[in-house]
Amino acid sequence: MARRIGRRVTLFVGPPNSGKTHAAFERLARAESGTYLAPLRLLALEGRDRLEARGVPCSLLTGEEHVPAPGARAVSSTVEMLNTRDVVDVAVIDEAQMLFDADRGWAWTQAIVGVPAYEVIVICSAYAVEAIRRLLEVCDEPCEVQVFERKQHVQLLRTPVPLGSLRKGDAVVAFSRREVLMLRDRIAEKGMRVSVIYGALPPEVRRREAERFAEGEAPVLVATDAIGMGLNLPIRRVLFSTVVKFDGEKERDLSVSEAHQIAGRAGRYGIHEEGHAGVLREAEPDALAVLKHLLAREPKAPPGFKARVAPNWWHVQTIAERLGLHRLRQVLGVFMERLEIDSSHFEVASLEQMLELAEHIDRVAGVLPLRDRFIYAQAPVDVDAPTQLEHFLTWAAQHARNGSAGEPWFLDQVDEHSRLDRMEQALRLCSLWLWLDLRFEGVYGHLEAVTGQRDALNRGIERQLKSRKPLWATRRRR
């Protein structure tokens, strides 16, 4: 469909706080029909609100919810929920440098190549331009590049900042939930209110924490690098608590692009005349020198990059039929290991989690149709979280055996007064249940109970984060 309609593609290129996203939404708001493709559910929520504030009725579509708006002219969705069938006037693809992400980059490949819109606006960092241009050339589509400049520069602080010298508008950055909560407790001990943002928080709570900081209720923010992904916050100084992060396999120094993306959140135009980036005195002894070195360099694309692709149902069905295969794990193995693709431009995405889930699903729910098992294999399950995986496989097995996933018993195991980590775990189960319900009509259900529990847990987490009591220390003692 995208090839047939003759798309016009423009890249909106620039650093954080350069106005490129604002310009894209202004164009989207004028369209008769449109779609916004976001990297996170939180930004999809924010995108819907941006459009509705401009008088544009907008539906919301994420992995776990579909909220239609009466008379909707636009849809704000997460990028994985891309609709490749229905043509729209304008599509906006946000944070397109995520094309380089090993796990999720396939979704940006799919969106850039396949979104069916007469006008496509791709928002990205400068170092992603050449890779996106090459991808569009494969589609025989030229693109225009519109460059946006920051209204003010980020200045590097010359000396580290002691934790006791934080001021209103400061954002302290760490790279794990543990470090965020420990810093939050230490700052709260000094009598200062703190808002926190990290990946395990549900989007609704992250949003309210951002609002607390923006409105001055909490003068200091402690966050992971989640703040580098599109959140618009009135940050005056970004202070790194460390320049090292654990990437799932090993501890490593921050990359140049990560340092620029995070530091670039300082100095919101119209609120602060300039922004500052620096390090805490409590960081590594050479942290300031490392940050100075990173910010002096320009981010670059990975050498030899190829756009990643993942299988869709057509691939799975075709491989299964042509080769007479019945187990999903075998079909996906063929896609990964034996399918010939245009290797000069593309490579198969990292699908280890999908393969592992496929093997589990073949074992516990092998009687389900192949299409159903393929949907299960795409579910947002953390295979390294045994409790979550166990619940997921139990639901799938009951679906295969009885046609129903049964009762959501996990709702009885935690309430809004439980420990913070237990509430976060229960919320992930709520989200997973809702994701599956959206795809298996009549199999999951109990939506009122699950969404009610989700709302209660959101309130409980928010209440704990707003309190002055220690959170990490309390958990350690228990």
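This section describes the nonpolar cores, salt bridges and cavities of a predicted model.

In soluble globular proteins, nonpolar side chains tend to be buried together. In this model, the largest nonpolar core comprises 55 residues. Ile93 and Ile132 touch the most other members of that core. Strand β7, residues 117–124, gives the most to this core, with 6 residues. The contacts of Ile93 include Val120, Ile121, Val122 and Ile123. Leu37, Trp108, Ala111, Ile112 and Val115 are also touched by Ile93. These contacts leave out residues up to four places away from Ile93 in sequence.

Charged pairs come next. Side chains of opposite charge can pair when their charged atoms come close. The structure contains 30 salt bridges. One of them joins Arg104 to Glu80, with an N to O distance of 2.9 Å. This pair links distant parts of the chain, 24 residues apart. Arg104 sits in the loop between β6 (88–93) and α3 (105–114). Glu80 sits in the loop between β5 (74–78) and β6. Both partners are partly exposed: the relative accessible area of Arg104 is 23%, and Glu80 has a relative accessibility of 28%.

Glu209 and Arg212 form a salt bridge within one helix. Their closest N and O atoms lie 3.0 Å apart. Both residues belong to helix α6, residues 203–214. They are separated by about one helical turn because they are 3 residues apart in that helix. Glu209 is buried, as is Arg212.

A further salt bridge pairs Arg373 with Asp362. The closest N and O atoms of this pair are 2.8 Å apart. Arg373 lies in helix α12 (370–377) and Asp362 in helix α11 (352–364), so the bridge ties together parts that are 11 residues apart in sequence. Arg373 and Asp362 are both buried. Elsewhere, salt bridges with shared partners form a network. Arg41, Glu64, Glu65, Glu204 and Arg454 are joined in it.

The largest cavity has a volume of about 70 Å³. Helix α4, residues 129–138, supplies the largest share of its lining, 4 residues. Ala131, Arg134, Leu135 and Val138 are among the lining residues of the largest cavity. Phe305, Lys306, Ala307, Ser344 and His345 also line this cavity. By class, the lining of the largest cavity has 5 nonpolar, 2 polar and 2 charged residues.

The second largest cavity has a volume of about 50 Å³. Helices α5 (177–189) and α15 (447–466) each supply at least two residues of its lining. Arg212, the salt-bridge partner of Glu209, is one of the residues lining the second largest cavity. Arg184, Ala188, Met192, Arg193 and Val194 also line this cavity. Leu465, Lys466, Ser467 and Arg468 contribute to the lining as well. The lining of the second largest cavity divides into 4 nonpolar, 1 polar and 5 charged residues.

Note on methods:
Residues are numbered from 1 along each chain as its sequence is written. This is a predicted model: local features need pLDDT of at least 70, side-chain atom pairs count only at pLDDT 80 or more; totals for chains, interfaces and linings use all residues. Side-chain values use heavy atoms; hydrogens and water are left out. A salt bridge is a side-chain nitrogen of Lys or Arg within 4 Å of a carboxyl oxygen of Asp or Glu. Buried means under 20% relative accessible area, exposed over 50%, partly exposed in between (1.4 Å probe, protein chains only). On a 1 Å grid over the protein atoms alone, a cavity is a set of points where a 1.4 Å probe fits but cannot get out, and a pocket is an open set with protein on both sides within 12 Å along at least five of seven lines; lining residues have an atom within 4 Å of a point. Grid points are joined across faces, edges and corners, and a volume is the space filled by probe spheres set on the points. Ala, Val, Leu, Ile, Met, Phe, Trp, Tyr, Cys and Pro count as nonpolar, Asp, Glu, Lys and Arg as charged, and the others, Gly among them, as polar. A nonpolar core is a set of buried Ala, Val, Leu, Ile, Met, Phe, Trp, Tyr and Cys residues joined through side-chain atoms within 4.5 Å. Contact means heavy atoms within 4.5 Å.
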